[in-house]
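Subject: The structure we talked about

Hello,

Here is the structure I promised to hand over.

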Amino acid sequence: MPNQAVPRGHTANIGAHVIAGDLYVNGVATPYTISINGAAAVAHIAAVGVIDTYHINGQTVSVTNTTPNPGPDNLTISW
């Protein structure tokens, strides 16, 4: 399962058919937005100890870590 850190203020864009199933977002009270298949970005907060799960199944997805800089990476996505 690929694992990718999303640094503060950065966006991870994943193309169609890369994620065959679910996307998992893990953070430490980290604010982020997610857009699936070009839809409007929706704001969420990745709570400590809770993994947010999105059914992607071949669609495009963009995840933006909206935590202000500076600081360490605090958001990880995996699929």
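Alanine 29 lies in the loop between S3 and S4; strands here are DSSP runs of E with at least two residues, helices are runs of H or I with at least four, and both are numbered from the N terminus. Alanine 29 has a positive phi of about 60 degrees, although it is not a glycine. With a relative accessible area of 51%, alanine 29 is exposed (exposed is over 50%, buried is under 20%, partly exposed is in between, with a 1.4 Å probe and protein chains only).

A word on how to read all this: the model is predicted, so local features need pLDDT of at least 70 and side-chain atom pairs count only at pLDDT 80 or more, while totals for chains, interfaces and linings use all residues. Residues are numbered from 1 along each chain as its sequence is written, and side-chain values use heavy atoms, with hydrogens and water left out.

**Other loops**

Asparagine 57 also has a positive phi without being a glycine, in this case about 45 degrees. Its place is the loop between S6 and S7, and at 46% relative accessibility asparagine 57 counts as partly exposed.

In the loop between S7 and S8 you will find proline 70. The peptide bond leading from asparagine 69 to proline 70 is cis, with omega near -5 degrees.

Alanine 16 sits in the loop between S2 and S3 and is partly exposed, at 40% relative accessible area. Leaving aside residues up to four places away in sequence, alanine 16 touches Gly58, Gln59 and Thr60 (a contact means heavy atoms within 4.5 Å). Alanine 16 and tyrosine 32 are 16 residues apart in sequence, and their C-alpha atoms are 21 Å apart in space.

**The overall picture**

The protein has eight strands and zero helices. Its radius of gyration is 12 Å, close to the 12 Å that the globule rule gives for 79 residues, so the protein is as compact as a globular protein of that length. That radius is taken over C-alpha atoms, and the rule is 2.2 Å times the number of residues to the power 0.38. Along the principal axes, the C-alpha atoms fill a box of roughly 35 × 25 × 15 Å.

Of the 79 residues, 34% are buried. The accessible surface comes to about 4,300 Å², and 57% of this belongs to carbon and sulfur atoms; the areas come from the Shrake-Rupley method with a 1.4 Å probe, and for residues only the protein chains shown count as cover. Among contacts between residues at least 6 apart in sequence, 72% join residues at least 24 apart.

**The strands and how they pair**

Four strands form an open sheet in the order S1-S8-S3-S6, with antiparallel pairing (two strands pair if DSSP finds at least two bridges between them). Strand S1 (3-5) and strand S6 (52-55) stand at the edges with a single partner strand each, so one side of each has no neighbour in the sheet. S3 and S6 run antiparallel and are joined by four bridges. Within that pair, leucine 23 has tyrosine 54 in S6 as its bridge partner.

S4 has pairings of its own. Five bridges join S4 to strand S5 (residues 42-46), and the two run antiparallel; isoleucine 34 stands opposite valine 42 in S5. S4 and S5 form a hairpin with five residues between them, and asparagine 37 in the turn has a positive phi of about 60 degrees. S4 also pairs with S7 in the antiparallel sense, over five bridges, where tyrosine 32 has asparagine 65 in S7 as its bridge partner. S4 is mostly covered, with five of its seven residues buried.

**The core**

Which residues have the most contacts inside the largest nonpolar core? They are Leu23, Tyr32, Val61, Val63 and Ile77, in a core of 16 residues. At least two residues of this core come from each of strand S2 (11-14), strand S3 (22-27), strand S4 (30-36), strand S7 (61-65) and strand S8 (75-78). A nonpolar core here is a set of buried Ala, Val, Leu, Ile, Met, Phe, Trp, Tyr and Cys residues joined through side-chain atoms within 4.5 Å.

Happy to go through any of this with you.

Best wishes
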